[in-house]
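Reader: I have a model open and want to learn to read its features. Where do I start?

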Amino acid sequence: MYQDAKAQRLTLYVRVAADTHAPTSFRFTQEQGVSVFYWLDGRMGYALSGEVERAELLRVADAVYRQLDR
């Protein structure tokens, strides 16, 4: 979990995925003001969530994906 100076939080969840053959692609959902981008990459599943705008969350999710793909 990351919290900025304005007390906005982003949380990255990571787990082993059941389906290892799914293509990597970002998916988006939003519920009760919480935005979530989630994706599978090989055997790992990731979800990045927070009470932020979709565009900002996508920017961070893309940065996370690039950092994890080293």
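Reader: Which residue of β5 is the bridge partner of Tyr 13?

Author: Ala 47 is that partner in this predicted model. Now widen the view to the strands. Strand β2, residues 9-16, pairs with β5 in the antiparallel sense, over seven bridges.

Reader: How many bridges join β4 to β5?

Author: Seven, and the two strands run antiparallel. β4 and β5 form a hairpin with two residues between them. In the turn, Gly 42 has a positive phi of about 65°.

Reader: Is β5 mostly covered or uncovered?

Author: Mostly covered. Buried means under 20% relative accessible area. Of the seven residues in β5 (44-50), six are buried.

Reader: Which residues make the nonpolar surface patch?

Author: Leu 12, Val 14 and Leu 68 make the patch, about 240 Å² in area. Leu 68 sits in helix α1, residues 54-68. A patch residue needs over 30% relative accessible area. Leu 68 has 44%, so this residue counts as partly exposed.

Reader: How many salt bridges does a search of the whole structure find?

Author: Two. Glu 56 pairs with Arg 59, with the closest N and O atoms 2.7 Å apart. Arg 66 meets Asp 62 at 3.1 Å, N to O.

Reader: Why are Arg 66 and Asp 62 separated by about one helical turn?

Author: Because they are four residues apart in helix α1. Glu 56 and Arg 59 are three residues apart in α1, also about one turn.

Reader: What is the relative accessibility of Asp 62?

Author: It is 29%, so Asp 62 counts as partly exposed. Glu 56 is partly exposed too, at 36%.

Terms used:
Residues are numbered from 1 along each chain as its sequence is written. This is a predicted model: local features need pLDDT of at least 70, side-chain atom pairs count only at pLDDT 80 or more; totals for chains, interfaces and linings use all residues. Side-chain values use heavy atoms; hydrogens and water are left out. Buried means under 20% relative accessible area, exposed over 50%, partly exposed in between (1.4 Å probe, protein chains only). Two strands pair if DSSP finds at least two bridges between them. Patches are made of residues with over 30% relative accessible area and no salt bridge: like charges are joined within 9 Å, nonpolar side chains (Val, Leu, Ile, Met, Phe, Trp, Tyr) within 5 Å. Accessible areas come from the Shrake-Rupley method with a 1.4 Å probe; for residues, only the protein chains shown count as cover. A salt bridge is a side-chain nitrogen of Lys or Arg within 4 Å of a carboxyl oxygen of Asp or Glu.
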